[in-house]
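Here is a short tour for someone meeting this structure for the first time. Keep the sequence and the 3D view at hand while reading.

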Amino acid sequence: MAQAGSGGNVQTPNVPKKVLIYTYPPTGEVPNLAEQVSILSAQLQAWGFSVETSQDPAMFTDVNLGRFGGVALINTCGELFGESNPGTAEAAALQKFVQAGGGLFATHCASVTLTGAPASDPAPYNKLLGGRGGDGYFGGESTCTKLTDHPTNAALPATFSYTGDTDNTDYLAPDTVVVVRCKWSGNGEKEVAASWYRTEGLGRIFFTTFAKTDADLKDAMLRDQHLFPALSWVLYRSPIQQ
């Protein structure tokens, strides 16, 4: 899968002002998922985007994705394209969508996906996303640090405390740019990649391990200084910062 770095991605693509919010598979492990969708939908509509929600993996075709300018994968865990489906065709369609200028925004266990593939050669979806969750997680307090300024994290404080589930990664793409790291206060005190971005073709990709619950989308700092700015950035509502 071809991958592109962050340089040179300044041309604003001509894509529909419509976003697909995808939440497959439905799971009781994600509290208040409907509330998360409602919060994101309201913000997108306030920005002038129309929104469509789905849990149907059949959405991931060239024709279907062509109706959208952005895709939000909200806590899509495990086999996100359907049971026992490696998602090769779906990932290829998603990659073409991003390369043509589509934005991809993904939260929490959208990275804990397709873990049957080896970390040395993960599924095409994880290569596109820029990483894969694995090798542990922690549900307590973490100390988080903002790294190099980018539109997705520029408003965050230099350091902040976060209490909630954060996943480790067993794979990061070579061109993934980590913008927030968090150090666990327990479970080995690992320092993990909490949020990252990458670009591919004309498109932008952002992932965060935050927002397992709707509480993060209701937290003024995380929502207004990180999550919404990141969603805005993938949709070309703010310019890329080189």
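The model is predicted. Its open sheet has nine strands, in the order β2-β1-β3-β4-β11-β10-β9-β6-β7. The pairing is mixed. Which strands stand at the edges? They are β2 (50–54) and β7 (159–163). Each has a single partner strand, so one side of each lacks a neighbour in the sheet. From one strand to the next, the twist averages 20°.

Strands β3 and β4 run parallel and are joined by five bridges. Strands β9 and β10 (residues 191–200) pair in the antiparallel sense over six bridges. Here Lys 183 has Glu 191 in β10 as its bridge partner.

In general, side chains of a regular strand alternate between the two faces of the sheet. Now look at β4. Five of its five residues are buried. Gly 103, Phe 105 and Thr 107 lie on one side. Leu 104 and Ala 106 lie on the other, and both faces are covered.

**Helices across the sheet**

| Helix | Strands it lies across | Angle |
|---|---|---|
| α1 (residues 33–46) | β1 (18–22), β2 and β3 (70–74) | about 170° to β1 |
| α3 (residues 88–99) | β3, β4 (103–107), β10 and β11 (203–208) | about 120° to β11 |

**Two loop residues**

Thr 176 sits in the loop between β8 (166–172) and β9 (177–184). Is Thr 176 buried or exposed? Its relative accessibility is 14%, so Thr 176 counts as buried, the cut-off being under 20%. The side chain of Thr 176 reaches the backbone oxygen of Gly 130 at 2.7 Å. Beyond residues up to four places away in sequence, Thr 176 touches Gly 130, Trp 196, Tyr 197 and Arg 198.

Asp 165 belongs to another loop, between β7 and β8. Which side chain joins that of Asp 165 in a polar contact? The partner is Lys 212, at 2.8 Å. Leaving aside neighbours within four places in sequence, Asp 165 is also in contact with residues including His 108, Phe 138, Gly 139 and Thr 209. Thr 213 is 48 residues from Asp 165 along the chain. Their C-alpha atoms are separated by 9.1 Å.

**A kinked helix**

Helix α6 covers residues 220–234, 15 residues in total. From first C-alpha to last, α6 reaches 20 Å. That is close to the 21 Å expected at 1.5 Å a residue. Where does α6 kink? The kink lies at Phe 228, shortly before the proline Pro 229, and is about 30°.

Both of these residues are buried. Other buried residues of α6 include Leu 222, His 226, Leu 227 and Trp 233. The run from His 226 to Val 234 is listed as buried too, with Ala 230, Leu 231 and Ser 232 among them.

The two ends of α6 have features of their own. At the start, a side-chain oxygen of Asp 219 comes to within 3.1 Å of the backbone nitrogen of Met 221. Just after α6, Tyr 236 takes a positive phi of about 65°.

How values were computed:
Residues numbered from 1 in each chain as written. Predicted model: local features only at pLDDT ≥ 70, side-chain atom pairs only at ≥ 80, totals over all residues. Heavy atoms only, no water. Helix = DSSP H or I, 4+ residues; strand = E, 2+ residues; numbered from the N terminus. Expected span 1.5 Å × (residues − 1). Bend = angle between axes of the 7 residues up to and from the residue. Buried < 20%, exposed > 50% of the residue type's maximum accessible area, 1.4 Å probe, protein only. Polar contact = N/O pair within 3.5 Å; in protein donor to acceptor, adjacent residues only side chain to side chain. Contact = heavy atoms within 4.5 Å. Pairing = 2+ DSSP bridges. Axes fitted to C-alpha atoms, helices over the stretch in contact; angles between N-to-C directions.
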